[in-house]
Amino acid sequence: MIRPRTESPATDFAVALLEEFLALGVRDIVLSPGSRSQALALAAAELERIGAVRLRVRIDERVAGFLALGLAVETRMPVLLITTSGTAVANLHPAVLEAHHSGVPLIVLSGDRPDNLRGIGSNQTTQQPGIFGAAVQRTWDVGAPSGLPGEQEAAQQLAREAFAVASGPVHLNLSFAEPLSAPVTLTPVPLVERSRDVAELVSTPLDQRAHTIVVAGSGAGERAEEVARELGAPLMAEVASGAHFGPNLVVAYRELLGWPEFGGAVERVIVFGHPTLSREVPALIQREGVETIVVRGPSADDYNPGHAVSAFVDAVTVDGDPAPREWAGRWVAASRGLIAPEETAPDAAADAGTHAKSELAAVRAEVTRRSLAEAVWKATWPHDRLVLGASRLIREADRVVVGKKISVHANRGLAGIDGTIATGIGIALASQDDEAKGTTRVLMGDLTFLHDVGALSFGVGEARPRIQVIVGNDGGGTIFDGLEVAQSAGEGFDRVLLTAQQVSIETLASAYGWAYLRVENRGQLDQALTASTGPTIVEVPLRR
Ligand SMILES: Cc1ncc(C[n+]2csc(CCOP(=O)(O)OP(=O)(O)O)c2C)c(N)n1
Ligand SMILES: [Mg+2]
């Protein structure tokens, strides 16, 4: 549909562009303020007023980028990101890179000056086309609309082209000239719910040869679990793979991959998603005589450690009956034996007094990384969402948590410690949009938290989801303690790797208007995890 013209060609273009994105099925817009992009921003605000989009406004573009990423992860639809010119655009780069490497659709709309005002030292003007390099599927540099006939149709065409290639991030750099906007009033038009065309995948058949294992990395999804069952293969599913459940799950996969009678016996590996959490998986794939088939995902790069992968396929099918249960059963049983409880549970046969005492001791016990990961996992149900930051806690969770069919996300495209809170808020907002359902829990280390503290800011009128940001605070980046450098670095280690910090998280929570709970023992942790309603920070002190 073409709207009547306003006094500003910029506004006419912006409205036509955004309305076409809506017609294609886009429902979420995130924007940061600025003058050059005002036509887009005001059109977005008007579309929000008539109930046609969900609009989120964030002052920090880095936060806006990761918020959009979280929304897109949850909705599986492209999200529009609107920014002004200059450094504003560059602040989207981290989220654009993560989206590129994990195959999340983002459509960046950056405002810019017209061509004749670029490269002459105009205020807030830099080389924006190409700023994201190879991290975007495509870049358009669009001249300023000037009111010529056909400009609105051109805007619609642009939206269709961008939407069609947005399997990851794309960049529309849009020039605008004065008048940068004009008042516009929109009336709702009926929107057709359209799902995105999914390309027909060519399936490769797999036989049930024994001594096959299925590996599920980040973004693998439920299909990995299904294929493991159909093949009768043990399933090495990372905690944020979307496949960490089912009868074939092998939680202690790292240990077993190192054992000759388990890892040593593997002949074939089927990989879904992007494995990043172990050294054992890439080592196995590079071992002489192991055949590896990678099922391609949306990520930019195909997983190919040591260039040792034998075949890349779009999808797999399994014909016939699973391999004998003996193979998978052995792995599952051995894994169960390895994941012993951290502390012995109260002895049921003991007398009532001893029983009560040991229960009390369990409630008062200090929280460890393992018990923190397990408690958060245990508190999460299918209507909830779990987001795991980079560093030690996701690794701890990956080593110990039992199989459970819940929605878990981690930014493993580049495994940055940036944007974790914003990503979690995006997932929370999108997953809770319909009716009040579920809580999103975001578990991270203290540096990861401090890196994204700006994401705690909700502007006036912004929706505040049910979210718990759970910070395991060990006073710095203690993951480096476990690396070789901790032994070799000497005095500089604490200053430049651990980067110790003593920031008051409680004060930050209060400054940003979040509820705050400090957890001193396991009993308090369990209570805190089920307590909250609105945005809450749960600080859990951990030993270095
Ligand atoms: C944006 C970014 N900068 C730096 C790194 C390197 N890095 C990985 S883990 C880490 C420390 C994380 O510390 P914390 O969040 O406290 O977790 P802990 O290691 O203590 O569990 C850093 C700096 C990264 N992954 N991403
Ligand atoms: Mg830490």
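User: So which residues are the protein donors of the magnesium ion (ligand 2)?

Analyst: Asp-446 (OD), Asp-474 (OD) and Gly-476 (O), lying 2.0 Å from the ion. Donors here are N, O and S atoms within 2.8 Å of the metal (3.2 Å for Na, K and Ca), and water is not among the atoms, so sites may look incomplete. Keep in mind that this is a predicted model, where local features need pLDDT of at least 70 and side-chain atom pairs count only at pLDDT 80 or more, while totals for chains, interfaces and linings use all residues. Residues are numbered from 1 along each chain as its sequence is written, chains are lettered from A and ligands numbered from 1 in the order in which they are written, and side-chain values use heavy atoms, with hydrogens and water left out.

User: What spacing do those donors follow along the chain?

Analyst: The pattern is D-x27-D-x1-G.

User: And Asp-474 and Gly-476, buried or exposed?

Analyst: Both are buried. Buried means under 20% relative accessible area, exposed is over 50%, and partly exposed is in between (1.4 Å probe, protein chains only).

User: Ok, zooming out. How many helices and strands does the chain have?

Analyst: There are 19 helices and 19 strands. Helices (H or I, at least four residues) and strands (E, at least two) are DSSP runs, numbered from the N terminus. The radius of gyration is 25 Å, close to the 24 Å that the globule rule gives for 544 residues, so the chain is as compact as a globular protein of that length. That radius is taken over C-alpha atoms, and the rule is 2.2 Å times the number of residues to the power 0.38.

User: What box do the C-alpha atoms fill?

Analyst: Roughly 80 × 55 × 50 Å, taken along the principal axes. Of the 544 residues, 53% count as buried.

User: Let's look at helix α5. Which residues in it are buried?

Analyst: In α5 (residues 93-102) those are Ala-95, Val-96, Glu-98, Ala-99, His-100 and His-101. They pack against α3 (61-75), β4 (106-112) and β6 (169-175).

User: Which non-glycine residues have a positive phi?

Analyst: Gln-124 has one, at about 55°, and Ala-415 has one of about 50°. Gln-124 sits in the loop between β4 and β5 (139-142) and is partly exposed at 42% relative accessibility. Ala-415 is in the loop between β15 (407-409) and α14 (420-431), and counts as partly exposed at 30%.

User: Where is the cis peptide bond with Pro-179?

Analyst: It joins Glu-178 and Pro-179, with omega about -10°. Pro-179 lies in the loop between β6 and β7 (203-206).

User: Last stop, Val-332. Buried or exposed?

Analyst: Val-332 is buried, with a relative accessible area of 6%. This valine belongs to helix α10 (residues 325-338). Neighbours within four places in sequence aside, Val-332 is in contact with Pro-247, Asn-248, Leu-249, Val-250 and Arg-325.

User: And what about Val-165, which residues is that one in contact with?

Analyst: Leaving out neighbours within four places, they are Gln-137, Arg-138, Trp-140 and Val-170. Val-165 is in helix α6 (residues 151-165) and is partly exposed, at 29% relative accessible area.

Key:
Contact = heavy atoms within 4.5 Å.
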